[in-house]
Amino acid sequence: MLAPRGLSRRSVVVFALFASFIVALFFASSRMGALCEDGSYCDVSAFRHRLSFGGSGKPCSPGSGDAIVHSGECAHFPDVSNVLLVMKTGASESYGKIPNQIMTTLKCVPDYLFFGDMAQKVAGHTIHDSLDTVIPDVKMKNKDFKLYHRQQQCPIDLDSCNKNHNVGQEAWSLDKYKNIHMAEKAYAMRPNHDWYLFVDADTYVVWPTMMKWLSKLNPKDPLYIGSVAYLGNFPFGHGGSGYLVSQAAMSKLFHGKSGVANRWDERVTHECCGDYMFSKALHTETGVNVKNAVCLVVVPQPRRRLGIVQGEARLTGCLQWPTINGEKPHTLPYAENEWCQPIVTMHHAGAQEVSDIYAFEKGRNFSDPLRIKDLYHEFVEDQLVVSRNDWNNLSDDVFYLNRSASSYSDWELGRAKKGDLSALEAAAHRSFDDCRKACDGDQTCLQYRFWNGICSFSKTIKHGSPTKLESEAWWRYKSGWNIKRIKEWVAAHDTCGSVDFPIKSWP
């Protein structure tokens, strides 16, 4: 009777040692990582996550994964595994923009794809060529592809091959061919995400607030959400601000189909913009239209000349939803309609700005929501001074000018106040000091700007950016802020209620 009991004890000991070994191996392997099918390393928890998708092969991205996402500086970062970030870049800019994204928020994002106009490796990360499947005739017989072909043939660094060319214009002409192709490729590579977020390489994504918003939306609804701009009468999601496409909408466009993007290659040659063409293709192929997440779209001057207009100019009675945004902290308008609103994207963010916003979010432990007023207090409030030379603070609500003294553009004349001028307003165009006095006399004026005989007021708070130093004082920008009035306005508006998001249901 003793032998069986002794054997039982030995079995228990052996089993305990074996279990300990398995646990230790599991822990070690989660640290070391497993190889994903694209050649990058994923931790075991990410591998388990892939298995939960029925072995669909949803790989993690290089240098990231759940073990990183939920530890260290990413400990408070939200779970974003149901969103695929699709970031668009160009070979001429990728080395300047992609590394900074990798070193900041992408540390905490388990899956993302980069697409450009050339296959590259940047900091060990793959940039996919979104244009390699464009119809050969379109690529070979089209001057828009001059940059593309030169890059393919460059035997040294691209900066050297491009330095004697107008790369900015060439890259702009090439860019419009990317959007539909990179969407088709992204869906083919990662067909099982709930959401696909398309952004530019200089767009900052506020992930905690984004995920709070997405929790209120259903990816089974065919949704295409963006910051709406118009070309003619047709709406599209502004690409730089970023646009969201649900699983249902992507599936309707691409599932079980091939060559979708190729059907649009020839058409793209006659159009201006890739974000417009993506909207056109999605609408034509599926009937899905863009939903507006912001009424204010600040359209750059080159695109205005193409007939692209702001959403607010075309939409009546809609709220100012600055959730998906084409601005950044120093160019955002801080006003009543925007002040308490959540924000999920910011465009034209330079490397330092991306780093600074990420540091701010990290300091907040990635709490949500990030409201526009939070950006004001962190980045703008302490930078406002009484006046600043060679600075454009973006004051453009109303203009005061002398039509008989100078010639002005139609846009400037359209903003000019034409009648019932007070004595201070009538003199505002004479000098910066006269402009300041006129602003001080108007209780709605928070800041002002003087340039080229134009005094302009703003009823919103904006910081702006430096301008070129001009030799003649008349052509120099000078900006001013009514600090006392701004502080009073902020104090009166700084208490916000619960956060609210646009597009909470469908349709």
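Mentor: Gladly, and bear in mind throughout that this is a predicted model.

Trainee: What percentage of the protein counts as buried?

Mentor: The protein has 22 helices and 22 strands, and its accessible surface is about 23300 Å², with 55% of that belonging to carbon and sulfur atoms. Among its contacts with a separation of 6 or more, 69% are between residues 24 or more positions apart. Of the 507 residues, the share that counts as buried is 52%.

Trainee: Is phenylalanine 77 buried or exposed?

Mentor: Phenylalanine 77 sits in the loop between α3 (66-69) and β3 (83-88). Its C-alpha is 6.9 Å from that of proline 208, although the two residues are 131 apart in sequence. Because its relative accessible area is 4%, phenylalanine 77 is buried.

Trainee: Aspartate 265 is buried yet has no salt bridge, so which side chain of opposite charge is nearest, and how far away is it?

Mentor: Aspartate 265 belongs to helix α12 (residues 262-268). A salt bridge would need a nitrogen of Lys or Arg within 4 Å of a carboxyl oxygen. The nearest side chain of opposite charge is that of lysine 139, at 8.4 Å.

Trainee: With which side chain does aspartate 265 make a polar contact?

Mentor: Leaving aside neighbours within four places in sequence, aspartate 265 is in contact with Thr133, Val134, Ile135, Val138, Tyr177 and His181. The polar contact runs from side chain to side chain at 2.7 Å, and the partner is histidine 181.

Trainee: Where is lysine 212, and how many residues in sequence separate it from aspartate 368?

Mentor: The side chains of lysine 212 and aspartate 368 meet in a salt bridge, at 3.8 Å from N to O. Lysine 212 lies in helix α10 (residues 207-214) and aspartate 368 in the loop between α17 and α18, so the pair ties together parts whose separation in sequence is 156 residues.

Trainee: Does lysine 362 count as buried, partly exposed or exposed?

Mentor: Lysine 362 forms a salt bridge with glutamate 73, the closest N and O atoms being 3.8 Å apart. This pair links distant parts of the chain, with lysine 362 in helix α17 and glutamate 73 in the loop between α3 and β3, 289 residues apart. Glutamate 73 has a relative accessibility of 32% and counts as partly exposed. Because its own relative accessibility is 34%, lysine 362 counts as partly exposed.

Trainee: What is phi of asparagine 452?

Mentor: Most residues other than glycine have a negative phi. Asparagine 452, found in the loop between β19 (447-451) and β20 (454-458), counts as buried at 7% relative accessibility. Its phi is a positive value, near 55°.

Trainee: And what is phi of aspartate 390?

Mentor: Aspartate 390 is in the loop between β16 (387-389) and β17 (391-392). With a relative accessibility of 15%, aspartate 390 counts as buried. Phi here is again positive in a residue other than glycine, with a value near 50°.

Note on methods
Residues numbered from 1 in each chain as written. Predicted model: local features only at pLDDT ≥ 70, side-chain atom pairs only at ≥ 80, totals over all residues. Heavy atoms only, no water. Helix = DSSP H or I, 4+ residues; strand = E, 2+ residues; numbered from the N terminus. Buried < 20%, exposed > 50% of the residue type's maximum accessible area, 1.4 Å probe, protein only. Lys, Arg positive; Asp, Glu negative; His and termini not counted. Polar contact = N/O pair within 3.5 Å; in protein donor to acceptor, adjacent residues only side chain to side chain. Contact = heavy atoms within 4.5 Å. Areas by Shrake-Rupley, 256 points an atom, 1.4 Å probe, with all protein chains shown as cover.
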